[in-house]
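Please find below a colleague's note on the structure shown here.

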Amino acid sequence: MAINAWAVVRFFHVLAAVFWVGGQLMLSVVVVPLLRRHGGPVLTREMAAAAGRRFGTVTSFGLFPVLVVTGVLLAWHEGVRWANLGTTTYGQVLRTKVIVVGVTFALATAHGVVARRLPRSAGRILAIITLALSIWIVLLATTLASLPPPR
Ligand code: HEM
C-alpha cells in the first residue's frame, strides 16, 4: 500500500492536535484534581506549575509550529487561496478556525507567561477558556473535513 505524502502531512497535523488537546485534558481533568486531593497545597502548586511549564515548552517549540506548518500546507493542498477564503463555506470555516487558533495560542501563551503572578482562580479560568476554545477548534476542523474543499 503506497502512502500518499498528504496523508503523512494530515497524520502529523492530527497527531499534534491530539497531543495538544489531550494533554490539556489530562492535566486539568486528571493530574491537577489528583494533586489537589492527595498532595498538600505546596506540592500541588509546584507540581502543577512544573507540569504546566513542561507542557508549555513542548507546545511552543513542537506542537504549535507543527500545527501551523501542516495546517497551512493542508489548506493549500485543499485549494484554499486568499481569493476564496471569504467566498466559499470551506474558506469561511477555515478563516474562523484560524482566528480561534490565534486567540487560543495567545491565551495559552499568556497563561504560561503570567500564571505564577496571577491568583490561582484566574489561572484556572484561563486554562478552562483555552481548553474550551481548543475543543471548538476540533469541532471546526471536523466541520471542515465534511465540506467540499475549493480545489
Ligand atoms: C494555522 C493553524 C491551522 C490551519 C491553517 C489548519 C488547517 C487545517 C486543514 C486545511 C485541515 C484539513 C481539513 C480537510 O480535511 O478538509 C485541518 C484538519 C484538522 N485540524 Fe487543523 N489547522 C490549524 C490548526 C489546528 C489546531 C490548533 C488544531 C487542534 C485543535 C487542529 C485540528 C485539526 C484536526 C483534528 C483536523 C482533522 C479533521 C478531520 O480530518 O476530521 N488544527 N486543519
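The points that follow move from the overall fold to the ligand shell, the helix packing and individual residues.

1. Basis of the note. The model is predicted: local features require pLDDT of at least 70 and side-chain atom pairs count only at pLDDT 80 or more, whereas totals for chains, interfaces and linings use all residues. Residues are numbered from 1 along each chain as its sequence is written.

2. Overall fold. The chain holds five helices and zero strands; helices (H or I, at least four residues) and strands (E, at least two) are DSSP runs, numbered from the N terminus. The order of elements from the N terminus is α-α-α-α-α. The C-alpha trace spans about 55 × 35 × 25 Å along its principal axes.

3. Burial and contact range. Of the 151 residues in the chain, 14% are buried. A residue is buried if 20 or more other C-beta atoms lie within 10 Å of its own, exposed if 12 or fewer, and partly exposed in between, with C-beta atoms placed from the backbone. Among contacts between residues at least 6 apart in sequence, 74% join residues at least 24 apart; two residues are in contact if their C-beta atoms, placed from the backbone, lie within 7 Å.

4. Ligand shell. There are 23 residues around the ligand, and Ala17, Gly71, Leu74, Ala141 and Ala145 come nearest. A residue is near a molecule if its C-beta atom, placed from the backbone, lies within 6 Å of it. Helix 1 (5-38), helix 2 (41-77), helix 4 (89-114) and helix 5 (120-145) each supply at least two residues of this shell, and helix 5 gives the most, with seven residues. By class, the shell has 18 nonpolar, four polar and one charged residues. Here Ala, Val, Leu, Ile, Met, Phe, Trp, Tyr, Cys and Pro count as nonpolar, Asp, Glu, Lys and Arg as charged, and the others, Gly among them, as polar.

5. Packing of helix 1 and helix 5. How do the axes of helix 1 and helix 5 cross? They come within 10 Å and cross at roughly 145 degrees; axes are lines fitted to C-alpha atoms, for helices over the stretch in contact, and angles run from 0 to 180 degrees between N-to-C directions. Ala17, Trp20, Val21, Gln24, Leu25 and Ser28 in helix 1 meet Ala127, Thr130, Leu131, Ser134, Ile135 and Val138 in helix 5. This contact has eight nonpolar, four polar and no charged residues.

6. Nonpolar core. Ala75, Val80, Tyr90, Leu94 and Leu144 form the largest nonpolar core, which has five residues. Such a core is a set of buried Ala, Val, Leu, Ile, Met, Phe, Trp, Tyr and Cys residues joined through C-beta atoms within 7 Å. Leaving aside neighbours within four places in sequence, Leu144 is in contact with Tyr90, Val93, Leu94 and Lys97.

7. Residues of helix 4. Gly112 lies in helix 4 and counts as partly exposed because it has 17 C-beta neighbours inside 10 Å. Apart from its neighbours within four places in sequence, Gly112 is in contact with Gly52 and Gly56. Ala106 is also found in helix 4; this residue is exposed, with 11 other C-beta atoms within 10 Å. The C-alpha atoms of Ala106 and Thr130, 24 residues apart along the chain, are separated by 9.3 Å.

8. A residue of helix 2. Is Leu43 buried or exposed? Leu43, which lies in helix 2, is exposed because 11 other C-beta atoms lie within 10 Å.
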